[in-house]
Amino acid sequence: MDFSFEINSMSNLTMLFLLLSMFASSPLGIIKLSSCSEVHTNVKCIHTEREALLSFKKGLTDPSARLSSWVSEDCCQWRGIECNNKSFHVTKLDLRNAGLGGNHLTGEIPNELSRLIELGTVNLSNNHLTGNIPQDIGHLWRLETLDLSKNSLSGPIPKSLSSLTFLAHLNLSFNNLVGKIPSGNQLQTLNDASIYKGNPSLCGSPLPTKCPGDETFDGPTITSSSVDNKQDGDDYERLWFYVSIGLGFVVGFWSVCCTLLVKKSWRHWYFQFCDDIKDRISLIIALKVVHLKRKFGLE
């Protein structure tokens with residue numbers, strides 16, 4: 001009895017081993033095993049961009065641990081980060097504060113952020129970020145949205161910002177930015193003053209505050225001397241107008257009269273022409289009168 005039981009157990013183990021061998025050698029088993037191994041080896045994040053994000057994180061104070069996920073090898077899985085599905089470049093950095101108390105990030109924006117050359121959206125609004133806007137922000141040539149509003153950023157707006165030709169949405173309001181607003185290229189189309197409001201030390205278009213050295217008037221300055229010069233010019237033109245009329249009348253009148261006085265045949269022809277015209281006009285008037293009388297039965 002024990003001997004038969006052992007034979008059955010061995011046969012069962014043999015069948016189980018054969019089944020496992022067939023599953024492992026099948027395509028499905030290979031896919032399962034390979035996928036399990038890839039969980040730990042398939043890192044999509046670009047190394048240089050991961051380093052740039054870690055440099056950004058290093059300079060920040062994160063009281064609510066919003067950046068606690070920024071430790072894994074694949075930065076595309078980090079909170080606030082989105083990557084391109086094909087190139088795996090970072091395309092979005094969104095760490096805006098939802099308005100919860102004590103949830104503000106503090107620190108500075110490092111210049112290393114400009115290494116994320118495929119960034120299309122940067123939103124760091126409603127935090128406590130300080131320091132200057134990175135000077136090399138113009139290297140983010142694909143940037144379409146930049147929102148740094150409601151922080152404590154200081155210093156001038158980098159001139160390289162004007163080289164962002166795809167920039168469609170910009171918000172730098174409620175910071176401590178100073179100096180003249182850059183102009184040129186895409187910034188010419190972003191002429192909404194609300195983009196820069198809350199920065200009392202900013203000046204230049206589209207803000208109503210003029211920068212030192214800018215023109216403070218919209219038109220040319222009118223002085224008394226310019227008014228006198230304009231009036232003298234008008235008088236001079238008026239004088240020549242009357243003189244030209246007088247000369248034209250004299251030349252025209254006397255050229256005709258002198259011709260008629262000198263040329264007898266021309267004089268006779270002229271008076272005959274006037275008589276013919278007078279007769280024709282008289283005949284037309286007489287015919288019209290007769291026609292009207294007949295029409296109204298006055299005859």
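**Exercise 1.** How many disulfides does the count come to?

Solution. Start with the ground rules: this is a predicted model, where local features need pLDDT of at least 70, side-chain atom pairs count only at pLDDT 80 or more, and totals for chains, interfaces and linings use all residues. Residues are numbered from 1 along each chain as its sequence is written, and side-chain values use heavy atoms, leaving out hydrogens and water. Next, take the rule: a disulfide is a pair of cysteine sulfur atoms within 2.5 Å. Applying this rule gives 3 disulfides.

**Exercise 2.** Find the partner of Cys45 and say what the link ties together.

Solution. Look for the sulfur first: Cys45 pairs with Cys75, and their sulfur atoms are 1.9 Å apart. Now place both ends. Cys45 sits in the loop between helix H2 (27–41) and helix H3 (47–58), and Cys75 in the loop between strand S1 (60–61) and strand S2 (81–83), so the pair ties together parts 30 residues apart in sequence. (Helices are DSSP runs of H or I with at least four residues, strands are E runs of at least two, and both are numbered from the N terminus.)

**Exercise 3.** Is Cys203 buried or exposed?

Solution. Check the cut-offs: buried means under 20% relative accessible area, exposed over 50%, and partly exposed in between (1.4 Å probe, protein chains only). Cys203 has 9% relative accessibility, so Cys203 counts as buried. Its disulfide partner is Cys211, with 2.0 Å from S to S, and Cys211 is buried too, at 7%.
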